[in-house]
Amino acid sequence: MEKKLEKFLDEAFAPYGNFPARKDVEQELLANLNEKYKDLKTEGKSDDEAYKLTIESFGDVSEIMEHVPHSEQAAKKEDNQSLRKTILDGIKGAIHGDTSRFRATALQDVDLADTNLQGSDFSMSALMGSHFDNANLRDTKFRATALKGTSFTGADLTNAVFDSSDLTETNLGGANLTGVKFRRSAFKGADFAGATLDNTEFDQSDLGEVAFDGLTLNGTMFNSSSTNKATFKGATLINVSFHHSEVKHTVFDGATMDKVTYALLKGAKANLDNVTVQK
């Protein structure tokens, strides 16, 4: 009889296609129908009578579908909204600013834009593809965090710490990176367009082919980092250091810089043919 009930459920849900939760929904309903059928048999009903009454007890499938996401996009959106609410509720109920609960959490593709997450600790977490656009992330920690494809557009990351993190393909456009410490991190394909880089530190990080074009860098430090084929076209560099960083193949075409920065780069064999030195 279980096979017959399985066929009934399969036909009932056929008009809705293979929505993400279909397998789980059908398994749950099948267990309920089997239980109902067994109860009716215990009451002395024949096989046909028990089956008919079991089917009649099922009700309208459309009512069930009102509470089930019909597509992967809808299911993903529902999961994100639920997780977002859980996180924000946790923040609101945090005692003495304890936000360490985010360590070692899986938050892939979650939308946390416009949220106040100041002082949070996302170390050892998986945040790939998530959105922190315009969020308050001051003093936040990202140690050994997976951030590939994550968006920080317009976010305030003042004094945040990124250590041994994957920042490939991240969008940092328009972000406030004042005082941020990037250590032992990878930035391939990262976007810094319009970002604020005052007193930002890049230590032992891979910035190969990353563009800082048109930006103003004030007190920015590149220590023991790879800037191979990185570009600073049209950028303004004031008191910027490149200690122990390879700059021979870094592009400074059209950049403007102060005398100290120029002298340091000249000593490191950088190509400064088309650079303007401030008086």
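Asp114 is found in the loop between helix H5 (72–92) and strand E1 (141–143) of this predicted model. Although Asp114 is not a glycine, its phi is positive, at about 65 degrees. That is worth a second look, because most residues other than glycine have a negative phi.

Asn134 is not a glycine either, and it has a positive phi of about 60 degrees. Is Asn134 buried or partly exposed? With a relative accessibility of 49%, Asn134 counts as partly exposed; the cut-off for exposed is over 50%.

Here are the two residues side by side:

| Residue | Phi | Relative accessibility |
|---|---|---|
| Asn134 | about 60 degrees | 49% |

Now let us turn to helix H1. Helix H1 covers residues 2–13, and at 1.5 Å a residue its 12 residues should span 16 Å. The end C-alpha atoms of H1 are 17 Å apart, which agrees with that expectation.

Which residues of H1 are buried? They are Leu5, Phe8, Leu9, Ala12 and Phe13. Looking down the axis of H1, you will find these buried residues within an arc of 120 degrees, so they line one face of the helix. The face of H1 turned away from this buried side carries Lys3 and Lys7, both of them exposed.

Notes: Residues are numbered from 1 along each chain as its sequence is written. This is a predicted model: local features need pLDDT of at least 70, side-chain atom pairs count only at pLDDT 80 or more; totals for chains, interfaces and linings use all residues. Side-chain values use heavy atoms; hydrogens and water are left out. Helices (H or I, at least four residues) and strands (E, at least two) are DSSP runs, numbered from the N terminus. Buried means under 20% relative accessible area, exposed over 50%, partly exposed in between (1.4 Å probe, protein chains only). The expected span of a helix is 1.5 Å times one less than its number of residues. The arc is that of the directions from the helix axis to the C-beta atoms.
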